[in-house]
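Work through the exercises below with the sequence and the model in view. Try each task before you read its solution.

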Amino acid sequence: MVLFFTCPPKIYKGNNTSFQGQISSRHKAKIDFIQMYLISTLICIVGPTAIGKTSLSIDLAERFSTEIISADSRQFYKEMSIGTAVPTPYELSRAKHHFIQHISIENEYNVGKFEEYTLTLLNRIFETNPT
């Protein structure tokens, strides 16, 4: 089962730094809904910049003891920290993230390599954490 979960901008306004490791109250209802449908599920959180995708993904990763796979092509590169909304060191410490500033712009990288690495990673994550 693949669940695509979008985040409308009107829902995610306000300060995202007040949770201190707790699940944000604005995310609780969505997380409870998602939990009902988990059977080795891949949750895809998509939407425009600055609507709370990072904080929601961290809340979900903590709740379900899983990892985050970033698909933001600009956040892949170590040299691109300005204008890419890379998660803060605190956010990165709350949940294991993949593909955040992991390669140099000097290295060749393409969607085929991303797909290969991601499928291998998903298999490992689903074996480790079946939900």
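## Exercise 1: Salt bridges

Task: How many salt bridges does a search of the whole structure find?

Solution. The search of the whole structure finds three salt bridges. A salt bridge here is a side-chain nitrogen of Lys or Arg within 4 Å of a carboxyl oxygen of Asp or Glu. A word on the source: this is a predicted model, where local features need pLDDT of at least 70, side-chain atom pairs count only at pLDDT 80 or more, and totals for chains, interfaces and linings use all residues. Residues are numbered from 1 along each chain as its sequence is written, and side-chain values use heavy atoms, with hydrogens and water left out.

Task: Which residues are linked in a network of salt bridges?

Solution. Step one: take Asp-59 and Arg-94. Their side chains meet in a salt bridge, 3.2 Å from N to O. Asp-59 lies in helix α2 and Arg-94 in helix α3 (residues 89–94), so this pair ties together parts 35 residues apart in sequence. Helices (H or I, at least four residues) and strands (E, at least two) are DSSP runs, numbered from the N terminus.

Step two: take Glu-62 and Arg-94. This salt bridge is 2.7 Å, N to O. Glu-62 is in helix α2 and Arg-94 in helix α3, so the pair ties together parts 32 residues apart in sequence.

Step three: join the pairs. Asp-59, Glu-62 and Arg-94 form a network of salt bridges.

Task: Is Arg-94 buried or exposed?

Solution. Apply the cut-offs: buried means under 20% relative accessible area, exposed over 50%, partly exposed in between (1.4 Å probe, protein chains only). Arg-94 has 12% relative accessibility, so it counts as buried. Asp-59 is buried too. Glu-62, at 27%, counts as partly exposed.

Task: What does Glu-67 form with Arg-124?

Solution. Glu-67 forms a salt bridge with Arg-124, the closest N and O atoms being 2.8 Å apart. Glu-67 lies in the loop between α2 and β3 (68–69) and Arg-124 in helix α4 (residues 111–128), so the pair ties together parts 57 residues apart in sequence. Glu-67 is partly exposed at 23% relative accessibility. Arg-124 is partly exposed at 34%.

## Exercise 2: The core

Task: Which residues make up the largest nonpolar core?

Solution. A nonpolar core is a set of buried Ala, Val, Leu, Ile, Met, Phe, Trp, Tyr and Cys residues joined through side-chain atoms within 4.5 Å. The largest has eight: Phe-76, Tyr-77, Phe-99, Ile-103, Tyr-109, Phe-114, Leu-121 and Ile-125.
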